[in-house]
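Reader: I am new to reading protein models, and I would like to go through this one slowly. Could we take it piece by piece?

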Amino acid sequence: MASKLVIVESPSKAKTIGKYLGPDYTVKASMGHLRDLPKSTMGVDIEGNFEPVYVPLEAKSQLIDELRTAAKKAERVYLATDPDREGEAISWHLKELLELPEEKTARVTFNEITQRVVADAIANPRAIDTCLVDAQQARRVLDRIVGYQLSPLLWKKVRRGLSAGRVQSVATRLVVDRENEIRAFVPKEYWSLDVDLQLMDKPGSFRTHYYGTTKKVELTSEAQVDGVIRDITGEVFTVSGVKRAEKKRQAAPPFTTSTLQQEASRKLNMTPKRTMAIAQQLYEGVDVAGEGTLGLITYMRTDSLRLSNEAMDAAASFIRSRYGANYYYGKHHVFKTKSGAQDAHEAIRPTHVELDPERIQKSLTREQYRLYKLIWSRFLASQMANAVYDTLTVDTLCAGHTFRSTHQNIKFSGFLAVYEESRDEEEETVGSPLPELAEGDRATAMNVEKAQHFTQPPARYTEASLVKAMEEKGVGRPSTYASIVSTIQDREYVNKVDKRLAPTALGEVVTGLMVERFQDIIDVEFTANMENRLDDVEAGKQNWKDLLADFYQDFHKAMTDAEAALEGVRLKVPDEVTEEICEICGKNMVVKIGRFGKFLACPGFPECTNTKPIVEKMPGRCPKCGSTILKRKSKRGYAYYACERGAQCGFMSWDVPTAEDCPKCGFTMFKKSGKGRNKPFCINETCENFLPEDKRGYYKKAAPKDGETPEEKPVKKTASKKTAGKKTAAKKTAAKKEK
């Protein structure tokens, strides 16, 4: 019988680690936190030196009992949660909740889940790091205080149901500030002047662009452009300079959390939240054909560019064998981690570089494969030789004006054979190929093109560029970027417009209130400084309760002042005007929020009472006719998914369509509704990948009677005793009132 217990967070991680440990070990999953601050109250004793009051999670009572029983039987308990503040806190909560004695408790962490690393960690356990725990507690209590004291104010002054977050409010402000920059932007006029030249003494032609006179000049008016054109009309152009050079381009460093989220957003169109969910799967372990369960990448929450010598040696060997010695960088390519980084873990890399993406593709889902390929390629490229370009710059002189042409072509691909980094900004064009040119060559103008341009306002943030901005400004940490970007959209302070983030009217009103009344909470520098102070708590340089006391003193005063200043004030959120036209009165309909969420309503109410549902298009295609799938709501408010052709097609499903296609039949894949890691499945009954409904994770339901249509979700949860008791009491009270 196993005498040692290992507790991790997830079943996938448990399965992978269990494979590496012998029969003396039992590996169980805690499924995340087992206790937390209560939901119904603040759970922080502010008068009692900010002591948090933790309670076991009611939904996990059975799991807690199982772990408690297993821990009592084990001679030693290894707490193997993730290697960060959150993971350390989960281990500490487990120790307290399971009442584990010090001598029986061992804390182990894995930067990567491989047999060697797991064995080393088990052989070298440590005590729980209370500084890491205190840093997590400080963040949790800070956010709880802000949320539970500020949210009620928003309910009273803006709209019921709103909530405020410490870091999320700053992220929202970044989006709002960018929108205000765009509105305030005044475009400036500028002109371009291009000339197509034909060589006089030999064959060949090329295009050249106006550069300046003795120095670079920007053309700011049509009159200025016309003056240059008058000067060069009928004149000969002479090549005044030909400069050839070799330019080297270095590979990008391996991924950190921030750069992985940015690149996955740009290249794979994945949200930061989805990126981290898939990365977690790759870290915890995947069943690989012929290899068993393997953790495929290192820990994905990191701000470090550091790589182990073993990893760089493995990359060097792989590059030499597959691409040739000239494609290797020549030595370990070490990248410098930025100042201020925690540097607790390596950069994100594959655990086994020899497992190239194509080799294991059949063992991965489409998303896992794409993200793994991105991580694998970036890491391998970071250890490869520089790309080399031949560049050519030609200056041509005419009537005192200089025109310039540039071109470059790749001489040696180097790391580009594997990977090229994407960019948010457009890259500078390098021009078309040029003919053989030498100083003194003469040419005449065949065509002159002038064009008016205007400077453009700064672009709205994408999810990728917002993560980059937060990292640069010190707002949040690697473990929080994804949740911040997701939360501000879930709270409807920000939404996506053409894949870019724009503030909603609600987001602007709330941000305006925060800027006016809570300068510190909404201030970027203040928030960044708070992150640094939390880092000091982690390093043992700052007492976490002193940090809370310093914060609360100013925050409490701001709350008191705001409540007094806003006495009797109610801030109105402007309606969101849509392009949908009311068929009755012709006005643009607006978005309203009702009992079952958003809907369209005519602004002419009460004279016009026209309303419409808001239709949300889903990814994928209808499996019956190939049309668009729409998300709809039943009369009881539950979401279901139906073909846009309605009764003409007849398709509907409680399962959620995904962006994935079945690799066998090409039909859209679906997944079980609800939160959690739900694996997509095929609903095409003629496909070998078809998953019957009774195997999709739903409880069995009674077949509908003749003539009935489903109005309830096929999942029916039994109410808890507590909830059932409340309902019974409510019914009795109602019955008495009727009598």
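Reader: In which sense do strand 11 and strand 14 pair, and over how many bridges?

Author: This is a predicted model, and in it strand 11 covers residues 237–249. One point at which to find the pairing is Ala 245, whose bridge partner in strand 14 is Thr 391. Taken as a whole, strand 11 and strand 14 run in the antiparallel sense, and their pairing extends over 11 bridges.

Reader: Which residue of strand 15 stands opposite Asp 390?

Author: Strand 14 also pairs with strand 15, residues 401–412, in the antiparallel sense over 11 bridges. The hairpin of these two strands has two residues between them, and Ala 399 there takes a positive phi near 55 degrees. Across the pairing, the residue opposite Asp 390 is Asn 409.

Reader: How many of the 12 residues of strand 14 are buried?

Author: Strand 14 spans residues 387–398, and a residue counts as buried when its relative accessible area is under 20%. Strand 14 is largely enclosed by the rest of the structure, because the number of its 12 residues that are buried is nine.

Reader: Is Arg 139 buried or exposed?

Author: Arg 139 lies in helix 5, residues 130–157. Leaving aside its neighbours within four places in sequence, Arg 139 is in contact with several residues, among them Arg 85, Arg 166 and Glu 531. Its relative accessible area is 14%, and since the cut-off is under 20%, Arg 139 is buried.

Methods:
Residues numbered from 1 in each chain as written. Predicted model: local features only at pLDDT ≥ 70, side-chain atom pairs only at ≥ 80, totals over all residues. Heavy atoms only, no water. Buried < 20%, exposed > 50% of the residue type's maximum accessible area, 1.4 Å probe, protein only. Helix = DSSP H or I, 4+ residues; strand = E, 2+ residues; numbered from the N terminus. Pairing = 2+ DSSP bridges. Contact = heavy atoms within 4.5 Å.
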